[in-house]
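Student: I am new to this structure. Show me how to read its features, please.

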Amino acid sequence: MFKITKFIAQNATVANLTGNRLTRPANRLYALSSSVEDKSTTRDGSDEPIDITNPFEKDPQQCILCKNNITPHYKNVRLLSQFQSSYTGRIYGRHITGLCKQKQEDVERAILRAQQCLLMPGYHKDLDFLQDPKLFDPERPVRPHKY
């Protein structure tokens with residue numbers, strides 16, 4: 001639409017605007033309008049879309065262990081105690097910790113193995129690790145439940 005109005009603005013005369021007959025034949029008018037379209041504002045002259053990244057696309061979320069490339073091991077009791085309740089010794093679920101499925105299973109296996117090897121207590125959190133910084137807030141889960 002813009003190209004047509006630009007063409008009319010360049011080639012308009014008083015006679016054309018008052019309604020008199022055009023002095024040029026119709027096929028010449030079409031030829032002139034196509035030559036105006038060839039002088040498009042794009043650099044390469046094509047109307048193909050440009051490949052750009054989506055500015056609104058969010059980065060894929062990763063769990064804290066995947067992001068830092070940490071594999072849970074049963075001897076790393078300080079890390080494993082972060083995923084255990086300090087009052088009951090219960091292992092926090094995925095919806096609270098925000099871990100991916102694989103890392104959550106690895107953490108659970110490592111905690112159970114550490115408890116079997118008597119490196120971690122089973123019914124409470126070790127008192128040495130109560131002052132450690134929190135990786136997540138158990139009161140505000142990452143994925144809260146429906147009710």
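Student: Is Phe 136 buried or exposed, and why?
Tutor: Buried means under 20% relative accessible area, exposed over 50%, and partly exposed in between, with a 1.4 Å probe and protein chains only. Phe 136 has 11% relative accessibility, so Phe 136 counts as buried. Tyr 92 is buried too, with a relative accessible area of 17%. Phe 83 is also buried.

Student: What should I know about the model and its numbering?
Tutor: This is a predicted model: local features need pLDDT of at least 70, side-chain atom pairs count only at pLDDT 80 or more, and totals for chains, interfaces and linings use all residues. Residues are numbered from 1 along each chain as its sequence is written, and side-chain values use heavy atoms, with hydrogens and water left out.

Student: How many aromatic pairs are there?
Tutor: A pair of aromatic rings is described by the distance of the centres and the angle of the planes. Rings of Phe, Tyr and Trp (its six-membered ring) pair if their centres lie within 6.5 Å; planes under 30 degrees apart count as stacked, over 60 as edge-to-face and the rest as tilted. This structure holds 2 aromatic pairs. Phe 83 and Phe 136 are stacked, 5.8 Å centre to centre with 25° between the planes. Tyr 92 and Phe 136 are edge-to-face, at 5.5 Å and 90°. Phe 83, Tyr 92 and Phe 136 form one aromatic cluster.

Student: Which parts does the pair of Tyr 92 and Phe 136 tie together?
Tutor: Helices (H or I, at least four residues) are DSSP runs, numbered from the N terminus. Tyr 92 lies in the loop between H5 and H6, and Phe 136 in the segment after H7, so the pair ties together parts 44 residues apart in sequence.

Student: Which residues have the most contacts inside the largest nonpolar core?
Tutor: A nonpolar core is a set of buried Ala, Val, Leu, Ile, Met, Phe, Trp, Tyr and Cys residues joined through side-chain atoms within 4.5 Å. The largest one here has 17 residues. Those with the most contacts inside it include Leu 65, Phe 83 and Ile 111. H7 gives the largest share of this core, 4 residues.

Student: Where does the charged end of Arg 113 sit?
Tutor: A charge sits over a ring if NZ of Lys or CZ of Arg is within 6 Å of the ring centre and within 35 degrees of the ring normal. The charged end of Arg 113 sits over the ring of Tyr 74, 4.1 Å from its centre.

Key: Helices (H or I, at least four residues) and strands (E, at least two) are DSSP runs, numbered from the N terminus.
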